[in-house]
Amino acid sequence: MSNSTTTDVDLVGDEVTLNIARAALFAALMGAFAYVAFPYPLSPAPVTLQVLGVFLAGLFLGPVWGAAAMVLYLVAGAIGAPVFSGGSAGIGVLLGPTGGYLFSYPLAALIAGVIAHRGIGIRSLTEASVTRLIASMTLAVAVIYGVGVPFMWWNLDMTLQTAIVTGAVVFIPAEAAKMAAAIGIIRSDAIRAE
Amino acid sequence: MLRYEPGKSIAHRLDPRSKLLVQGGFAAAAFAYTTPRGLVILTLLALCVLALSRTAPHRVLWEFRFVFPFLLAAPVLEGISLDGFVISDATSPALASYRVLLVLLVAGAYIRTTSVRDSRAAIQRSVPGRPGQFLGMGVGFVFRFLPVLRADIGRIRDGYRSRLGTERSVPVRMRILLIASLNRAFERADRFSLALRARCFSWNPTLPTLRFSRIDVPAIGFGLVLFLAAVYGFV
């Protein structure tokens, strides 16, 4: 053992501690959402709450800590936490066909947060108009698919057309339902996070 | 489920950093040599890695079954045309899909042979400064709280199932589940941060010592050769 003294201990500030705890819990919640699938009539693939988790990270934790939570989620999954779709894990998933969607999560959370909070800081979400919230989520979805589809195109060596059909068109109807659910939650003031 | 299992295999005794290097090198080589010949060699290497970590290939494949639809869809959709199935169109997506499978096998071996504490120490020693410390502690917390939050969600779902909540529309069910699970997660985060502060939560806790040993030399050599081969293949 090294003989460390109390003067060596570098304490984490109170506010940062709360933010680290929230970011970690949010990342774990994203992982737990991977196991919850809803059958959705318009979409051939089951709908999970994960993309919704990306919006909500940006909205509730703010752009910086929301993006940090997503980075934690990816790193934890890469080293073996069963947090990716269907409870899988490992660097292989990040380099697999769906890796692009996962890599885009931190950026999408950042963008959703910056637009909803009008900058890097955190403002009360009740001040944000519905239009602003919809804009923030639409851009986040655009980022997720904008990174995810080309990645799949490259990864599986398919034509762009096939990539767009298998990687985006089949999932789009469900995204609208998720945005509606997210706005319902934020507007209802049901979350006691602020 | 595929997760860390203590053991005495060679892969268990390696330093996590050399295992990460091998994984990265293997993935790079797989993307550089996506040819039938390259993939045959990489398949043999992947099987060697699995043997050295005493991990059964079928367990890893079963773990990653969710990727199979994507892997199959690419060659099938590319091959189908109005004149029937064109094999030449399906070949390169099929090779690409197989390459992903090999990368998953090697990643599975890492997961089975590396403990969370070791991975955390490897991250914190590889990424310098506050970002590395944040990633190290945060990843530890994610592992700690994942089962707790999964149990929370399970209880919430049991609750609404018993009240016939399953009869409601999908958006309403999503909203109920999200509100309840987010509230619980934030409550837990508040209590957790209080507990951390009470225990002098610091940026620099004592980490397990990581030390390269003699058996890491061939592993690091193997990883570097894979990386160099990948660079050579791309150039």
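Over all chains of this predicted model, the count of salt bridges, each a side-chain nitrogen of Lys or Arg within 4 Å of a carboxyl oxygen of Asp or Glu, comes to 10. One pair crosses between chains, from B:Arg130 in helix H8 (residues 129-162) of chain B to A:Asp10 in the segment before H1 of chain A. The closest N and O atoms of B:Arg130 and A:Asp10 are 2.4 Å apart. Between chain A and chain B the count is 3 salt bridges. Residues are numbered from 1 along each chain as its sequence is written, and chains are lettered from A in the order in which they are written. Local features need pLDDT of at least 70, side-chain atom pairs count only at pLDDT 80 or more, totals for chains, interfaces and linings use all residues, and side-chain values use heavy atoms, with hydrogens and water left out.

The contact (heavy atoms within 4.5 Å) takes 76 residues from chain A and 71 residues from chain B. The buried area, defined as the accessible area (1.4 Å probe) that two parts lose on being put together, summed over both, is about 6400 Å² between chain A and chain B, and carbon and sulfur atoms give 79% of it. In chain A, the most area is lost to chain B by A:Leu25, A:Phe38 and A:Ile79, together 11% of what that side buries.

Between chain A and chain B, 8 residue pairs are in polar contact, both residues being at pLDDT 80 or more. A polar contact is a pair of N or O atoms within 3.5 Å; within protein, one must be able to donate a hydrogen and the other to accept it, and residues adjacent in sequence count only if both atoms are side-chain atoms. The elements of chain A that give two or more residues to the side touching chain B include helix H1 (14-33), strand S1 (37-38) and helix H2 (50-78); helices (H or I, at least four residues) and strands (E, at least two) are DSSP runs, numbered from the N terminus. H1(A) gives the most to this side, with 16 residues. By class, the side of chain A that touches chain B has 53 nonpolar, 16 polar and 7 charged residues.

Key. Nonpolar A, V, L, I, M, F, W, Y, C, P; charged D, E, K, R; others polar.
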